Structure formats: structure tokens, C-alpha cells
Amino acid sequence: MDKVLEVKNLSKVYGKGCADCFGLTGPQADTNICPSCGSVVAAHDVSFDLYKGEILGIMGESGSGKSTSVKCLFFDEEPTSGSAVFYDDGKQYNLFTLNAAQQRQLSSRRFGMVYQNPYLGLNFDISAGGNIAERLLMSSISHFGAIRERASSLLQRAEVPTARIDALPKTFSGGMQQRVQIAKALSTYPPLLFLDEVTTGLDLSVQAAILDLIMEIQQEIETAMIVVTHDLGVIRLLAGRTLVMKYGRVIESGLTDQVLEDPQHAYTQRLVASAL
Amino acid sequence: MTHHIEPIDSPCVLRVQGYAKQFVLHEQSKIIPSSQHVELSVYQGQLTALIGPTGSGKSSVLKGIYRTYLPSDGRVLYRSKNGYEIDLAKADEHHILQLRNDEISFVTQFLHVLPRKPSEFLVAQPLIKRGTSMSEAIDKARDMLARLNLPEHLWCLSPTNFSGGEKQRVNLARSLVAKPRLLLLDEPTSSLDPTTTNVVVKELKKLKDYGVAMLAIFHDPALVEEMAEHIVELQIPQSIEQLQEKTQA
């Protein structure tokens, strides 16, 4: 099996930080705010591997550090410490030591990100097709006709009517915006895709369509995915393995069916028992 | 307690030694024992039946082998296709996922599948995951659904609204088409009528002849009689209090 990503001891502290930050925060301390210096320990000591075509779930309540971890990997945030190696086509990239240009190159060509809020992932001033073209232009395709064709087929794939390829995303429903975002993220056929609460706040039927789309794509192009969600149903459906986070720490990890049916940690037991 | 009904001359695929499972419930401050002192072996082309009263931890043994449960104690030694032996209780998660994909299949009591997918696709899925082409996998899936007497007009529908027996046949068909090396069965015929049960028995026997090793829980003693080469009887586990009294005495 091919490894795609190896994350080791990833930490992110918001604030100046101090020697007590890691010792006085976390699930035992029941907080992620350092009592000594007031810094927020959003993530600490997060480690995991990801293989080709694998879907890894990260679950936990709001503020547990799941989005922060993913944002560090997509270069939206700069980690405080830790390492992440991305394996691609026989090459290795040490993500946190790359310069800004190299990072941009990876995030625009080899990674995809779908945010909970479509405003973060889409440019609302240009059309749906333009959004996809923008990403394709940053990668290798530059022929107008080819870009137009790819955009149209991706939108079709995501069940966005092709008649609306030239419409602005702000005229779309929330579910449609989310599907354009997915089409845009996938336009370069990235080997690694980050999905941050992509179904949160959508109608159940729209959620279903988006989850189906994600699963079909995963089967077709074997993209490895990290799915961040607090929805146990989404985790059960998509992820083979799952990490559970609380106050910035990974408190439990395992095969998804095991985490849900035989949770080991008190917090995971409570979380699973609270599910509808 | 193990009875060997027929002499063992087949290679051993799975050896469970001293398996125990207990649930530590933090919120309730309780430890619930589920299985204790389980010893069993499963052989190529033969069926080992797990028997014992409700609450003796039969399902918990199957789930521990499949790693839906994390075993609390003991070893679950699996001999793979490539000849290596691995302790499933401690194996790396990626390794378990790979074995689930390639070698070990589990017919659970209830069908857990992707929603909104046609039954024939769900049955074909294990083959597709292993690289069989979509059209060939669907053909094999239809063939198996036909053999299990699932009405043809249901094949293109999601099993969500199926009856218990129909769901159970979809569940069985998924594992039967995959022809795994080790098949775990948790009451696979509990919601089937006698005719369909006979069909399932016939298919399971075919798989046995093909060399599949099986570990099964049957609710019907007659099926154990008919299908099993080996029988392992489980006892209701002792509670933590009983165990503590024993060690104090």
C-alpha cells in the first residue's frame, strides 16, 4: 500500500505560548486555554498516517482542534511545531519546510480543500465555471477549450446544471454552492482531499447527494481524504479509520466500526451514546 | 469445551487462545464481561460452530476476531493466504482493513451498508474493491442473488425497505460472492423461511467445498448438527464481583 501522508506531533498554539501550555491543557485539564499565559492550544501532538484511497475521519466537538489540524496541512494556518510528509509520484515533500511558492503549487495542484463555508472555497465574484477554470489555470491546463470542457463535465458530475456554468455562485443554493466547491477541489484530480464539515447545515437530501458524490469520486480516482465532521453518521458512512479529538488532543483512534461500537475513552463513549 | 466430530486433517486458518472481552463503561463506572476463556480453531474447508446460551459472548467473539471489538485478552492467530501468521488482536489497523478487503468476511446480524445503493451493487462491492470489473462483479452479484431466491425486481433497489429475510439474503450474498478465506457468520439464517434456509445451507456447503474456513453462530441446533465439523460451547462469563470473590477465597 502506498502512503500518501505522514503527520507527526503536529501542534498549533494561538498566542505567545509558554512552558506550561501543553502540560496545563488537554482533556485531563478540561480546557484548551493555558491558565498561565492565556494562549489557546488548538492542536497538540497530532500524529497519523494516510494511505492511497483511504478515508480518515476526524471527529470531535467544536473547538477540539480537528479543523485546525487540517488547515495546517492545507497551509491555511502555520503550525507551531511538528512535521508532515506528503508522498507524491515517488517524491517526498516536507510540508512545513516548503517555501510559500512551493506550498501554493501543492495546494493548487495536488491537494483539494472543501470548506464548510463555501465563501472560503469559492470566489463569489466569478462564475461557477470560472471558479473551476481559475484552479485549472494554476495547475497545468491552459487551453481555454480544454478548461471549459473539464469545468462543464465536473459540474455535470456534481449535478450542477450545465446551463448555469456562467452564473455567479451567489445565485446558487447552499447545496449547489457546496457541489461547485467539490467540483473545483476535484478539478485537478488531487491525490489528497480535505473535507471540513462539508455537509454541516445542509438539508438531509442534499447531504445525501454530496456524500454519494464524495464516495463515487473516491472509488473512481482513489483520492485519499481526511473528513472532518462532528456527524457520526458521516464518519460511519465514509471513513475506514477515525481519530477522536478533544481539547486539541487525539484521545482515541481506531477502525471506525470499532471506535463506534467499542469506544475506549470515556469521552468517545459519551459521544457515541449521545448520537441520535 | 470443544468436540471434534470429524478428525482434523485440514490446515488451521484461525486459532483463538484465551480470548476475553470486557467492556469498561467509564460513565457508569462498570466493567461488563462479555466473553471469557475462549479457545477455538477454524480449519480450511470446515465449519466451527459457536454455541452457548444468550449472553455467553458468541457475537463478541466474532466481533473480536473482525476487530469491531478490541479484545481485552488473548490471541487471535490468523494464518494468511501468504502463509504468515498474525495476531488480529494486535495487528495494525491498515493490515486489518486489508485483510477485511481480501480475506476475512463477516455476515453480521444486521445489514450495515451504504444507503441509496442498489442491492446488486452492494453485493458486487466486495469484488469491485478487489479489482473485479464493474460488469463482471454485477453479473456475479445477480447470479448469487438469484441463487438465494431474492426476487429479481428487488435487485435494483436499496435494501433499506426490504423485509428482514430479504436484507439477510443481501447480507449473505455480499460475503458469498467474495469467497473469503475466513467467513464469520452471526445467525445468518435467523429470519429465513425453511426453503430459503435450505438454499443458504447448500451455498455454504459449496463454499466449504471450495475451501472457505467458517466460524458460525446458528440459532437452530439442527443447522449446527448439519453444518459443523467442530463445536465450541461458551459459558456465561462470571461477573467482576464473582471473579474478585474467587481470587480472595
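In chain B of this predicted model, residues 24 or more positions apart account for 72% of the contacts with a separation of 6 or more. Chain B contains eight helices and ten strands. Of its 249 residues, 39% count as buried. Along the principal axes, the C-alpha atoms of chain B fill a box of roughly 65 × 45 × 40 Å. The radius of gyration of chain B is 19 Å, which agrees with a compact globule, because a globule of 249 residues would have a value near 18 Å.

Chain A includes an open sheet of four strands. The strand order is β2-β1-β4-β5, and the pairing is antiparallel. Strands β2 (40-51) and β5 (91-94) of chain A form the edges, each pairing on one side only. From one strand to the next, the twist averages 15°. At one edge, β5(A) is joined to strand β4 (residues 81-88) of chain A by four bridges. These two strands run antiparallel. Within this pairing, Y87(A) has Q92(A) of β5(A) as its bridge partner.

The two chains also meet. On one side, 18 residues of chain A take part; on the other, 14 residues of chain B are in contact with them. Several elements of chain A contribute to the side that touches chain B. Helices α7 (204-221), α9 (256-261) and α10 (266-274) each supply at least two residues, as does strand β10 (249-255). By residue class, the side of chain A that touches chain B holds seven nonpolar, five polar and six charged residues.

Methods:
Residues are numbered from 1 along each chain as its sequence is written. Chains are lettered from A and ligands numbered from 1 in the order in which they are written. This is a predicted model: local features need pLDDT of at least 70, side-chain atom pairs count only at pLDDT 80 or more; totals for chains, interfaces and linings use all residues. Two residues are in contact if their C-beta atoms, placed from the backbone, lie within 7 Å. Ala, Val, Leu, Ile, Met, Phe, Trp, Tyr, Cys and Pro count as nonpolar, Asp, Glu, Lys and Arg as charged, and the others, Gly among them, as polar. Two strands pair if DSSP finds at least two bridges between them. Axes are lines fitted to C-alpha atoms, for helices over the stretch in contact, and angles run from 0 to 180 degrees between N-to-C directions. The radius of gyration is taken over C-alpha atoms; the globule rule is 2.2 Å times the number of residues to the power 0.38. A residue is buried if 20 or more other C-beta atoms lie within 10 Å of its own, exposed if 12 or fewer, and partly exposed in between; C-beta atoms are placed from the backbone.
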